[in-house]
Every structure is written in C-alpha cells, then in structure tokens.
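Open the model in your viewer and keep the selection panel at hand. We will go from the whole assembly down to a single residue pair.

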Number of protein chains: 2
Amino acid sequence: MTNKDWSSRFAHRASELKESEVRALFAVVNRVNEDGTPQVISLAGGMPYVQALSTDIISEVQARLLREKGGVALQYGGGQGNDTLRKQITEIMKVEGIKADVDNIVVTTGSQSGLDLLSKMFLDRGNVVLVESPSYVGALGVFKSYQADIEHVYTDDYGMNPEALKAKIVELEALGKRIKFLYIVPNFSNPTGYVLPLERRKQIIDIATEHDILIVEDDPYGLLYFDEAPPASMISLGDTENIVYLGSFSKTFAPGFRTGWVHAPKDIKRLLVLANEAAVLSPSEFNQLTISEYLKHTDWKAQLNTFRNIYRDRRDVMLSALDDYLPELKKTKTAGGFFTWLQLPEHVNSKLMLPQAVEHGVAYTPGTAFYADGRGKHELRLSFSYPTTDYIHKGIKLLSETIRNYK
Amino acid sequence: MTNKDWSSRFAHRASELKESEVRALFAVVNRVNEDGTPQVISLAGGMPYVQALSTDIISEVQARLLREKGGVALQYGGGQGNDTLRKQITEIMKVEGIKADVDNIVVTTGSQSGLDLLSKMFLDRGNVVLVESPSYVGALGVFKSYQADIEHVYTDDYGMNPEALKAKIVELEALGKRIKFLYIVPNFSNPTGYVLPLERRKQIIDIATEHDILIVEDDPYGLLYFDEAPPASMISLGDTENIVYLGSFSKTFAPGFRTGWVHAPKDIKRLLVLANEAAVLSPSEFNQLTISEYLKHTDWKAQLNTFRNIYRDRRDVMLSALDDYLPELKKTKTAGGFFTWLQLPEHVNSKLMLPQAVEHGVAYTPGTAFYADGRGKHELRLSFSYPTTDYIHKGIKLLSETIRNYK
C-alpha cells in the first residue's frame with residue numbers, strides 16, 4: 001500500500017481549511033475521570049444544556065410522528081424544507097417581531113449550512129465579507145474556505161461601530177474591493193455577548209443600504225434573553241429585500257437535529273434551494289418533522305423559559321465569580337445567550353496560556369479564534385451554557401489562578 | 001420595498017446552479033386525487049419504499065436512545081461522525097467484502113454531502129471529473145456547481161468501457177487538462193442499472209493507478225441485489241490509498257435520516273473532517289445514533305431481505321410489462337438497485353415527450369438529465385423502487401401508449 005500525497009491535488013480553496021491550533025488540546029478537555037466527572041472544567045464550547053429537555057416528551061412526539069406520518073418522515077423531502085415547519089418558523093419569527101414570508105424560508109442542516117451555502121453562492125476568491133471584531137469562529141471558517149477576504153470592522157462595548165463601518169466601506173471601495181455582504185450577530189453575539197443597540201441597528205442598515213451591501217443577520221440567541229428582549233431584529237427594522245436572516249433550533253431546542261433556516265430575498269432564496277439540493281438533496285425530513293410536531297404538541301415557550309432560567313443562573317454565577325476572583329479584568333455583563341468575553345492583562349497571551357489552564361483543570365477559547373487577522377491574544381471567550389454552577393464557580397477560580405501564575 | 005437583483009452579486013460558480021427544466025413538471029406529478037390516489041404514476045424519482053420499515057421498531061429504538069443516551073443524541077457531535085457508528089460501518093462494509101478502517105471513515109449528511117465536500121476539496125474551475133455515460137444526476141449537479149469540466153467516458157451495456165477510459169485520459173492529458181478524479185457507480189448504476197463486471201473493475205483500477213487518478217466509488221445499491229451479490233467492490237480490489245468509497249443508509253434504511261459516509265485515504269479524510277465541520281459543524285448526532293442503535297438492536301439483515309424481495313417483485317413486473325407493451329425497445333435487465341434504462345426510437349425525444357406522458361398519467365426522468373453534454377434525448381430512466389406492482393404495470397402501459405402517440 002503506497003501512501004500517496006493526494007493533498008497536492010486539492011483545490012486552491014483547500015489551503016484555507018486549516019486545523020485549529022487548539023484542536024488537539026480540546027481532545028484532552030473531553031477526558032473524564034473513572035467516576036464520570038470531567039478531568040477539565042470546560043468553559044470553552046458553546047453547547048446548549050440539552051439535559052434540560054424532557055426526553056419522554058421527545059420520545060412521545062417522535063412515536064406519534066412515526067405512527068401518523070412515518071412514510072413522509074423517513075423519506076427524502078424537498079430542497080426548500082418542509083412546508084409545515086416553514087409555516088411554524090414564520091410564527092417563531094413573529095415572536096421576535098419579524099414579518100416573515102413562508103416562501104422566503106429555506107430550511108438548512110443547521111444554520112451553519114445556511115452560512116456555507118450563502119458563501120458558496122456569493123463568494124469568489126478575494127471578495128470581501130465584513131464582520132464584527134471579534135466574530136463567530138464558525139462563520140470565519142466557512143468564509144475563509146471560499147477564499148474570501150475577511151475584514152473586521154471596529155467593534156466597541158456596544159457592538160459594531162457604525163462610523164467605523166462607514167469608514168471601512170469607503171476605504172475598501174476606494175481600493176476597488178468587492179464587498180459581498182456584512183455578517184453580524186446583533187443579539188448576544190458569539191463570542192462577546194454584546195447586544196447591538198437599536199440606534200446602531202438602524203444606522204448600520206442605512207449605511208448598508210446606501211452602499212448597496214447585503215446584510216446577513218445571524219440570530220441563534222435572540223430568544224434566549226435573561227431579563228428583557230433585545231431590540232428589534234435588523235430584518236424587522238430594514239427591508240427584507242436587503243437582509244438575509246439566519247435562525248436556528250440548536251439553542252431553543254436541540255443541536256442534535258441539525259436544523260436551522262434562512263429567510264432570504266426571493267432570488268437569493270431560489271438559488272439557495274438549488275445549492276441546498278446540491279449539498280444534501282434535502283435537509284433531514286425526520287428531524288424537521290420532529291421539530292414541527294414538538295412545536296405543535298408541546299409548550300415550547302415554557303421550555304424556552306426553562307432554558308432562560310438555567311442560563312441566567314449560570315451567567316449570574318460566572319459574572320459574580322469573575323467579580324470575586326478577577327475583579328480587575330473587564331468582561332461583558334452578558335444579558336442573554338451563552339458567552340462572556342474577558343479582557344486579559346497585556347502580558348498574558350490567551351493562546352499560550354491555554355495549555356497551562358488545561359493542565360490546571362480549566363479550558364476556555366482563546367480570543368485569536370475569533371479574528372481572521374491574528375488579534376485576540378489578550379482576550380478569551382467563556383461559555384456558561386453547559387457546566388453546572390458549581391463547575392462554573394470552580395472553573396473561574398482555576399482560571400484566576402492560571403492567570404496569576406501565567407509564565 | 002425594492003425588489004433588488006442580488007443575482008448580479010453571486011459568485012461565478014452560482015451560474016452553474018441551474019433549475020432543472022423538468023422541475024415544474026415534477027411538481028404536477030406529486031398531485032393526488034381526493035381519495036389520496038396519485039393523479040400521475042411516477043416512475044421518475046428514486047425513492048426507497050420506506051413503508052416496508054417497521055415504525056414501531058424505530059420508535060422503540062429511538063425511545064431507548066433518548067432514555068439511555070439522550071444527552072449525547074441531542075447534542076452537537078464531532079466532525080468525523082460518531083465513533084460507534086463508524087465502527088458499525090466497518091462491519092457493514094465487511095459484508096460487502098471491504099476491509100475498512102474506522103479511522104478512514106467520515107460520516108456525512110447523506111452521501112450527497114460527501115460528494116459535495118469532496119468536490120469542494122478537489123475541484124478548481126476547469127478541473128476534469130471523469131464519469132460514466134450516463135451518470136448520476138445529483139453527482140453531475142454538484143461537480144458542475146464547483147465549475148468542473150465533466151467528461152463522459154464511453155459506456156456500453158457492461159458499464160464504463162476501459163479502452164475508452166484509457167483513450168479519454170490520454171486525450172485529456174495531451175490537452176493539458178487536470179483530471180481530479182473518476183466518479184463511478186459500479187453496482188446497479190443510477191440511472192442505467194448496469195453492473196460493472198469484475199474484469200473491468202480491475203482494468204479501470206489499473207488504468208487509474210497508472211495515470212495517478214483518484215477513483216471515487218459510489219455504492220448506495222451494492223447490498224440491494226436481487227439474485228447474487230455484485231462483483232467485489234473496487235475499493236476491495238484496489239489500494240485503499242487510491243480509492244474513495246461512498247456509502248449510504250438512505251437505501252438500506254431510510255433517507256429521512258440523511259446519513260451516509262465516506263471512506264478515504266488519510267490525508268483526504270483529514271481535510272474532509274474540516275470541510276464537514278465548515279459545512280454543518282457535525283452531522284446529526286440524533287440520526288447517527290438512531291442508525292447505530294437500529295443496527296445494534298434489530299435484525300437489519302432481515303430488513304434488507306425484505307427490501308430485496310419487494311424490489312425484486314417490482315423489477316419483475318416492470319421488466320415483464322416492458323416486454324409486453326414495448327417489446328421492441330432495449331432496456332437494462334436490472335439485477336439490483338432501483339432503475340432500468342430504456343432506449344427510445346430515434347424519432348422520440350424523451351424531454352419533449354415528458355409533458356405528453358404526464359398529461360397521459362405517467363412520469364419518468366428524461367435521459368438528458370444524466371448527461372452534462374446534451375445527450376440522452378432518446379433514452380429515459382424508469383424507477384421501480386417506490387410504486388406498487390399494480391401502478392408499475394399500469395404506468396408502463398401508459399408509457400407505451402405515450403410513446404406510440406408521440407408527436
């Protein structure tokens with residue numbers, strides 16, 4: 001058996017698919033002790049606490065589904081997604097104040113697949129995507145995989161700065177760069193936890209409209225607010241012809257079903273359906289109908305409240321532990337979603353510190369993961385969504401010790 | 001609300017994502033009468049007969065899964081796919097005589113996603129993919145979507161012709177073309193139903209090895225033989241370093257779970273995992289574990305026999321109806337899978353005839369769908385997998401009338 005080097009045959013874009021430098025380390029993070037307790041407290045991943053779901057209820061929903069609609073649920077579906085689920089999605093979007101049209105919705109294999117398909121449709125090599133600083137690591141990865149130039153827009157404590165956005169666009173236009181879209185997570189952003197204020201949403205929409213730039217609004221956390229709902233979503237403030245909206249059932253229900261959606265202007269939607277078919281033929285009909293029946297037969301809003309209560313408690317414990325153990329460091333006072341963002345002292349490099357942290361029993365995601373330009377060395381992301389409050393408290397204590405002992 | 005033409009912003013590759021010309025017609029095909037019977041007998045689609053599965057058994061499997069492993073099944077998984085399922089896949093591949101390595105397997109969102117990710121990894125604009133004539137429409141679509149040049153290799157009644165393959169490669173090499181891989185469905189090919197003979201498998205492997213061309217062997221139907229098993233798969237005959245193998249649970253279990261797999265040489269596998277993560281983060285853990293538990297707790301080989309018996313009966317009825325009603329036309333004497341391939345008289349254009357056929361109450365897929373070069377006008381694909389024998393018999397009768405009345 002020869003060991004052939006096929007990598008020399010890969011497409012040019014393949015060079016942009018890189019293994020994360022912290023990947024090997026995260027394998028260690030998943031190790032458990034003999035009694036099942038974790039060897040390392042992970043504040044790194046963004047996993048929802050699916051243990052808060054009732055598996056009995058899901059079993060019932062699925063048993064009924066198989067009994068009543070088994071022939072449909074087990075079969076191939078359509079490339080745009082199940083009609084009933086798309087109708088229900090418009091109702092969920094209505095809860096967020098969005099007037100959605102069922103014809104403009106395409107169901108995708110998680111909203112990650114929506115990002116992948118939009119990237120495939122829009123991005124030629126060297127095209128620009130504008131993003132927050134920092135921005136969601138999974139989005140940066142997929143934009144890069146289509147050889148886009150990622151341009152970070154200056155982002156302050158209130159999210160993307162509209163003045164900076166305008167300056168960046170003018171600068172890029174002067175350079176003759178082709179800006180394909182602006183990608184933004186206005187609600188409880190990943191990784192920062194920021195909420196973009198209403199006024200900024202309007203300003204950013206105006207700037208994008210003026211410069212004829214498509215906005216891609218990614219909103220996985222909008223319904224997971226802890227106190228009050230975030231400001232109106234950008235698609236409800238702007239023109240649905242200028243904004244693509246991505247939604248997900250991974251945080252309000254369960255990521256194991258890999259089901260999200262895209263609401264897009266008609267001609268984008270039309271191509272998106274074809275791209276979806278080329279990529280997966282159709283999204284899983286079984287998973288779509290599980291969600292559809294779950295929405296129909298259960299009190300999903302009560303479940304949403306359960307999630308909110310759990311995450312609010314965990315957020316409280318994380319922020320107060322940070323106040324206790326690392327009072328001098330700046331962090332986001334997160335009001336929803338999964339994350340807070342921590343500013344480190346200038347002498348501490350979050351990527352170099354990670355092995356020391358893991359050795360000491362705690363993991364986080366280094367800030368560098370969320371920038372395409374090498375920044376983020378003195379920042380890190382902490383997730384409070386998955387570990388219980390005891391672990392969060394202990395994890396922050398261990399993190400504070402790691403930072404103080406950093407060498 | 002302005003109606004903006006975003007299509008002018010699409011990437012170059014977007015122009016290759018085209019709506020099928022028969023798409024609108026197929027919407028009509030799905031219409032049912034008030035009593036639930038179909039208005040048109042469809043011999044067009046390649047849907048498995050999932051009604052042959054026991055929904056009770058699947059419900060039980062899923063209820064146990066949620067009870068015992070709910071926290072895993074509902075969560076994000078890994079980019080390579082579930083470890084236990086990958087181990088079980090090696091056992092299924094062993095049934096087909098393949099020595100598979102669990103480390104070389106990547107689970108994908110149906111094998112369509114495997115094709116998409118491989119295409120993304122390998123295909124720059126203008127790179128060549130070699131395929132059978134005709135070849136699977138879904139593969140042609142995804143190769144085109146990455147702007148590949150599709151080169152059909154002469155295919156006779158026994159599948160791809162090795163001499164023609166050699167000549168084609170020499171011709172393309174002389175033109176300086178970059179051949180990225182050879183895509184082939186050796187068992188009960190879609191659309192022709194051909195089985196590639198053992199000797200040809202070996203010859204094609206030798207030619208590919210000699211010219212340093214990767215083989216992508218797609219095998220969704222290998223276990224669905226009606227009499228005897230097809231010859232050894234190409235990956236078991238050749239060097240696993242030179243052959244990528246695609247498998248699927250869509251035909252042996254259910255397409256509604258969108259779960260397939262790729263067995264690939266190490267460095268292709270490594271990049272495939274990253275491409276999988278960029279596309280969907282992870283394939284549906286719930287669906288993977290449903291299949292894993294189904295394989296573990298049920299007699300899946302008995303179910304496979306049930307499928308074989310059903311499809312054999314339907315094949316018998318279709319071929320004998322073709323003998324009765326269209327004895328003068330050449331067709332594949334299919335020995336497994338879902339399809340037969342019909343040669344029409346020279347004056348009959350299968351694409352132009354389709355509206356007449358639908359009007360008369362029967363649908364098929366025109367041959368042109370399976371060629372990237374406009375051929376196939378006097379051929380068509382018939383599927384016997386989904387309709388019951390009564391409908392198949394009546395459908396062939398209606399087709400024969402349509403052909404005789406063609407104008």
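Begin with both chains. Superpose chain A on chain B: a rotation of 180° with 0.0 Å of shift along its axis does it, at an RMSD of 0.0 Å. That is how a two-fold axis relates copies. Keep in mind that this is a predicted model.

**Stop 1: where the chains meet**

Now select the interface. It brings 71 residues of chain A into contact with 71 residues of chain B. On the chain A side, colour helix 2 (55-73), helix 4 (110-122), helix 5 (137-145), helix 9 (266-280) and helix 10 (285-297); each gives two or more residues to the contact with chain B. Which of these gives the largest share? Helix 2 of chain A does, with ten residues. Next, colour the chain A side by residue class. You will find 33 nonpolar, 23 polar and 15 charged residues. Then compare the two sides. Of the interface residues of chain A, 100% are also interface residues in chain B, so the copies meet through the same surface.

**Stop 2: a helix in chain B**

Select residues 110-122 of chain B. This is helix 4, with 13 residues. From first C-alpha to last, helix 4 of chain B reaches 19 Å, close to the 18 Å expected at 1.5 Å a residue. Is helix 4 of chain B enclosed or open? Of its 13 residues, 13 are buried, so the rest of the structure largely encloses this helix.

**Stop 3: two domains in chain A**

Domain 1 takes 13-53 + 302-404, and domain 2 takes 67-297. Their centres, taken over C-alpha atoms, are separated by 25 Å. Select the contact between them: 30 residues come from domain 1 of chain A and 31 residues from domain 2 of chain A. On the domain 1 side, pick out helix 11 (300-325) and strand 11 (339-343) of chain A, each with at least two residues there. Helix 11 of chain A supplies the largest share, six residues. By class, the domain 1 side has 15 nonpolar, eight polar and seven charged residues.

**Stop 4: a sheet in chain B**

Finish in chain B. Show its three-stranded open sheet, order 11-14-13, with antiparallel pairing. Strand 11 (339-343) and strand 13 (365-366) of chain B are the edges, each pairing on one side only. Zoom in on strand 13 of chain B, which two bridges join to the antiparallel strand 14 (residues 379-383) of chain B.

Notes:
Residues are numbered from 1 along each chain as its sequence is written. Chains are lettered from A and ligands numbered from 1 in the order in which they are written. This is a predicted model: local features need pLDDT of at least 70, side-chain atom pairs count only at pLDDT 80 or more; totals for chains, interfaces and linings use all residues. Two residues are in contact if their C-beta atoms, placed from the backbone, lie within 7 Å. Helices (H or I, at least four residues) and strands (E, at least two) are DSSP runs, numbered from the N terminus. Ala, Val, Leu, Ile, Met, Phe, Trp, Tyr, Cys and Pro count as nonpolar, Asp, Glu, Lys and Arg as charged, and the others, Gly among them, as polar. The expected span of a helix is 1.5 Å times one less than its number of residues. A residue is buried if 20 or more other C-beta atoms lie within 10 Å of its own, exposed if 12 or fewer, and partly exposed in between; C-beta atoms are placed from the backbone. Copies are superposed by least squares on the C-alpha atoms of residues with pLDDT of at least 70 in both. Two strands pair if DSSP finds at least two bridges between them. Domain bounds come from an automatic or database domain assignment.
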